[in-house]
Amino acid sequence: MGAFRTVGVVGAVAEASALLQSAAMPTAHAAPCPDAEVIFARGTTELPGVGPTGDAFVDSLRSHVGAKSVDVYPVKYPATTDFQTAVDGINDARARILATAASCPDTKMVLGGFSQGAAVMGFVTASVVPDGVSASAVPAPMPLDVADKVAAVALFGKPSARFMRAINDPQIVIGPSYVDKTIDLCVDDDLVCDPDGRSFGVHSRYPEVGMANQGAALAAQKLQASWAADAVTDAPAQPPAPALLSLPVTDETPPSHGGGPAPRPPGPAPAVPALPGPAPIAP
């Protein structure tokens with residue numbers, strides 16, 4: 001009885017295994033690449049995500065680009081007052097930019113950040129390691145060709161040189177490949193970004209004063225220009241014009257076929273004979 005039960009169990013397991021192997025397994029499909037991706041770094045002490053300024057910026061950007069698809073990637077880093085950990089954000093943003101450029105080459109990227117996040121994204125675009133910083137302590141500058149995949153860089157409340165000196169960090173210098181794509185917005189008297197600013201209270205007001213919308217409108221313009229340029233590049237070549245059906249024009253006169261005057265022979269025109277009549281009267 002025990003042997004029979006064992007054989008029965010083994011047979012059932014084998015049968016179940018065969019059924020599982022023959023069953024159609026679900027196929028995983030990668031999400032399609034979006035038309036644009038916003039990679040945004042939040043500000044100091046903001047909750048994980050893109051933060052209030054980032055949310056306002058993304059919502060406005062989507063309204064400006066209409067039917068185009070826009071994905072969002074929030075940069076992962078502590079965003080605390082321990083500013084040395086900003087390098088974690090630089091690493092994460094850089095890795096995401098390179099991954100998107102490789103897996104979705106037609107996707108246009110918009111890099112953005114607020115406050116400490118703006119510093120993170122500014123350093124991501126740098127073409128050289130900042131002075132006084134060990135190359136082993138920060139990520140290497142991104143490859144030059146990656147800049148072609150970035151349509152815009154939107155920075156809100158980017159820390160000024162004065163502020164960076166106060167926290168003993170190097171000045172933020174945008175790389176030359178990104179300068180013309182960068183939108184750098186600062187509320188007047190903002191202690192963080194305005195070199196002469198004295199107010200920390202206005203630092204969180206970028207959505208309220210309309211600068212998130214302003215940045216989105218400018219970023220949308222750069223996206224549209226980038227998409228238009230790609231459309232021209234990808235357009236098929238125009239076919240050559242068809243050959244003319246008529247004969248080419250020449251200096252030769254076609255032969256006469258009766259009824260018309262004979263063609264004039266080459267050479268000077270013959271003199272017209274004088275008509276008979278009275279001789280002219282001398283004066």
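How many of the 283 residues of the protein count as buried? The share is 35%, where buried means under 20% relative accessible area, exposed over 50% and partly exposed in between, using a 1.4 Å probe and protein chains only. Keep in mind that this is a predicted model, in which local features need pLDDT of at least 70, side-chain atom pairs count only at pLDDT 80 or more, and totals for chains, interfaces and linings use all residues. Residues are numbered from 1 along each chain as its sequence is written, and side-chain values use heavy atoms, with hydrogens and water left out.

Let's start with the overall plan. The protein has 6 helices and 5 strands; these are DSSP runs numbered from the N terminus, with helices (H or I) of at least four residues and strands (E) of at least two. Along the sequence they follow the pattern α-β-α-β-α-β-α-β-α-β-α. Among contacts with a separation of 6 or more, 75% come from residues 24 or more positions apart, a contact being heavy atoms within 4.5 Å. The protein exposes about 17,600 Å², and carbon and sulfur atoms supply 62% of that area; accessible areas come from the Shrake-Rupley method with a 1.4 Å probe, and for residues only the protein chains shown count as cover.

Now look at two loops. Most residues other than glycine have a negative phi. Ala-79, however, has a positive phi, near 55°. You will find Ala-79 in the loop between strand E2 (70–74) and helix H3 (86–103), and it counts as buried because its relative accessibility is 1%. Ser-115 also has a positive phi, near 60°, and sits in the loop between strand E3 (108–114) and helix H4 (116–124). With a relative accessible area of 8%, Ser-115 is buried.

Next, how do helices H3 and H4 meet? Their axes come within 9 Å and cross at roughly 55°; axes are lines fitted to C-alpha atoms, for helices over the stretch in contact, with angles from 0 to 180 degrees between N-to-C directions. That makes H3 oblique to H4, because angles under 35 degrees count as roughly parallel, over 145 as roughly antiparallel, 65 to 115 as roughly perpendicular and the rest as oblique.

Which residues take part? From H3 come Ala-86, Gly-89, Ile-90, Ala-93 and Ile-97, which meet Gln-116, Val-120, Met-121, Phe-123 and Val-124 of H4. These residues divide into 8 nonpolar, 2 polar and no charged. Here Ala, Val, Leu, Ile, Met, Phe, Trp, Tyr, Cys and Pro count as nonpolar, Asp, Glu, Lys and Arg as charged, and the others, Gly among them, as polar.
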